[in-house]
Amino acid sequence: MQRSSVYTVHYRLKNKVGEIIDTSEGAEPLQFLWGAGNVIRGIEEAVKDRGVGDCLEVTIPPEMAYGESNPELVRKVPRSAFADVENLKPGMKFQTNSGEEAQIVQIVAIDGNLVKVDANHPLAGFTLYFDLEIVDKRPATDDELAAGNPLAL
């Protein structure tokens with residue numbers, strides 16, 4: 001049963017022209033419980049039935065990553081919503097607590113008294129290009145299975 005495996009993977013995320021966007025090189029590798037939704041579905045599917053030492057080049061479409069960009073998650077809010085923030089600039093990120101759960105929004109534009117914010121994941125709508133190296137694969141413990149995440153323990 002795949003879900004009972006904990007994978008440890010080094011990764012390099014590249015854009016479509018091959019520039020590295022993110023990497024685990026020089027840091028801790030990514031660790032996840034297969035099937036628990038700890039990582040994007042495309043990575044889970046890529047490592048399925050693979051073993052330690054396997055190196056993979058994987059192209060992951062948006063629907064198996066962070067989904068398509070949802071225009072309903074882009075909206076304009078009054079600048080007064082950021083009254084406590086000096087030097088408001090595009091690219092800044094904020095956590096909102098409106099609605100049923102916390103959401104991270106990024107400022108994408110400022111037009112006078114209106115601030116355009118985007119609550120989509122920054123990689124929503126993009127095809128992702130990964131180099132993956134499986135450095136460990138082991139059976140999950142009962143505690144990891146109960147928690148649904150090896151990092152939660």
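Me: What makes two strands a pair here?
Reply: Two strands pair if DSSP finds at least two bridges between them. Strands are DSSP runs of E, at least two residues long, and helices are runs of H or I, at least four; both are numbered from the N terminus. This is a predicted model, where local features need pLDDT of at least 70 and side-chain atom pairs count only at pLDDT 80 or more, while totals for chains, interfaces and linings use all residues. Residues are numbered from 1 along each chain as its sequence is written, and side-chain values use heavy atoms, with hydrogens and water left out.

Me: Why are β1 and β2 called paired?
Reply: Three bridges join β1 (residues 5-14) to β2 (residues 20-23). The definition asks for at least two, so they pair. They run antiparallel. Arginine 12 has threonine 23 in β2 as its bridge partner. Five residues lie between the strands of this hairpin, and glycine 18 in the turn has a positive phi of about 90°.

Me: What makes a nonpolar core?
Reply: It is a set of buried (under 20% relative accessible area, 1.4 Å probe, protein chains only) Ala, Val, Leu, Ile, Met, Phe, Trp, Tyr and Cys residues, joined through side-chain atoms within 4.5 Å. The largest has 21 residues; Phe32, Val47, Ile60, Leu128, Phe130 and Leu132 touch the most other members. β1, α1 (41-47), β4 (55-60) and β9 (128-139) each supply at least two residues. A second, separate core of eight residues includes Phe82, Ile107, Val115 and Val117.

Definitions and conventions. Buried < 20%, exposed > 50% of the residue type's maximum accessible area, 1.4 Å probe, protein only.
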